[in-house]
Amino acid sequence: MITLRKINGFELERDIGELNQAIAQHYIWSSQLTTTALFHDSPDPEVMDTESHLHCRFSKWLAIRLRLKNVEDPEVKQIEERHAAMHASMRELLLAMQQGTLTRAQLQDYYADQRAFLDAIDRYKTELIALRNNHDALTGLPLRKLLYRDFPLLQKAVGRHAAPSLYLTLIDIDHFKQVNDKYGHTTGDAVLRELGSLLSMNSRSQDKTYRFGGEEFILLHVCDSDAAFNATLERLMAQIRAHNFITPTGTLQITVTCGAVHAVSDEALQTLIEKADRAMYLGKQQGRDRIIFCPHESQAPSHAGEAICW
């Protein structure tokens, strides 16, 4: 199955917080080296174990991250390797201190392994922060910069297979300005937040949802046929129509209008977005609460006869 790993900004915020806690706990755990050096205390037996890197609290964070990954994560694997190397150097250092054979070279080796470990963490944390900054603070969904990053990867992956096809859907909330004008922007934000969650939760693992701007969202679908895509999008539309959106002013029901396009292997993302945008506005003109589908054989529709209305 062709897929891109789904993640949202709220999860990234949690990941960064958990990493910060793990780093702080590791500093406390590794302070035993200083205590042993200054006061000649006996180190904790776990520190001297040949697998001491599995006993410290940071290892718990590593175990969770590695278990949660659906794909190989080289950054986390590198942290794991350098974490183990630093523990091995620390164990050798403590053993040499106990035996009275400590050398300056052993201390420098430990410092080098510690720096490599911290550098790996810094790179990973920088990546997480950059990724979080490209997610919408309101909905937690990835923003258009990540759409432009993800699309060619998915387009290339789809192009390697005969059966699946790639589809792009532009979703626009109907009469959203009236929601803001009548109930206020706080209610409007609540609708956007809940719709983003609804789109994300009700999309399949091979689909991706993005906050495109304002009241617009973009979905990328991988489906075996136009009919399968139609069924997927119709189910989503039905869920949106039936959903009671909980807001500070009470519950609301909304509808959306969708412009959908079938992407061919060499078609640029911007071209697809423009086609979907014109299809979506055609749907607005025809009464809203509908899907206008532009098959890949045709250009973006200028009137109803050039598109398929679902």
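Predicted model: local features only at pLDDT ≥ 70, side-chain atom pairs only at ≥ 80, totals over all residues.
What does β6 pair with? Strand β1 is one partner: β1 and β6 run antiparallel and share eight bridges. To spot this pairing, look for Ile 173, which stands opposite Val 256 in β6. Strand β7 is joined to β6 as well, this time in parallel, through four bridges. Here the place to look is Gly 259, whose bridge partner in β7 is Ile 292. Now trace the path from β6 through helix α11 (residues 269-285) to β7, and you have a left-handed β-α-β unit.

Next, the aromatic rings. The model has seven aromatic pairs. One of them is Phe 58 with Trp 61, a tilted pair with 5.3 Å from centre to centre and 40° between the planes. Where do these two sit along the chain? Both belong to helix α4 (residues 57-68), and because they are three residues apart there, about one helical turn separates Phe 58 and Trp 61. Phe 58 has 0% relative accessibility, so it counts as buried. Trp 61, at 7%, counts as buried too.

Tyr 167 and Phe 293 make another pair: their ring centres are 6.2 Å apart and their planes meet at 40°, so this pair is tilted. This one links distant parts of the chain, with Tyr 167 in strand β1 (residues 165-173) and Phe 293 in strand β7 (residues 291-294), 126 residues apart. Tyr 167 and Phe 293 are both buried.

Elsewhere, a ring has a charged neighbour: Arg 144 lies over the face of Phe 212, at 3.9 Å from the ring centre.

Finally, the cysteines. A disulfide is a covalent bond between the sulfur atoms of two cysteines. How many disulfides turn up in the whole structure? The search finds zero. Take Cys 223, which is in no disulfide: the nearest cysteine sulfur belongs to Cys 258 and is 13 Å away. With a relative accessible area of 2%, Cys 223 is buried. Cys 294 counts as buried as well, because its relative accessibility is 1%.

Terms used. Residues numbered from 1 in each chain as written. Heavy atoms only, no water. Phe/Tyr/Trp six-rings, centres within 6.5 Å; stacked < 30°, edge-to-face > 60°. Helix = DSSP H or I, 4+ residues; strand = E, 2+ residues; numbered from the N terminus. Buried < 20%, exposed > 50% of the residue type's maximum accessible area, 1.4 Å probe, protein only. Lys NZ or Arg CZ within 6 Å of the ring centre and 35° of its normal. Disulfide = S-S within 2.5 Å. Pairing = 2+ DSSP bridges. Right-handed = clockwise from strand over helix to strand, strands pointing away.
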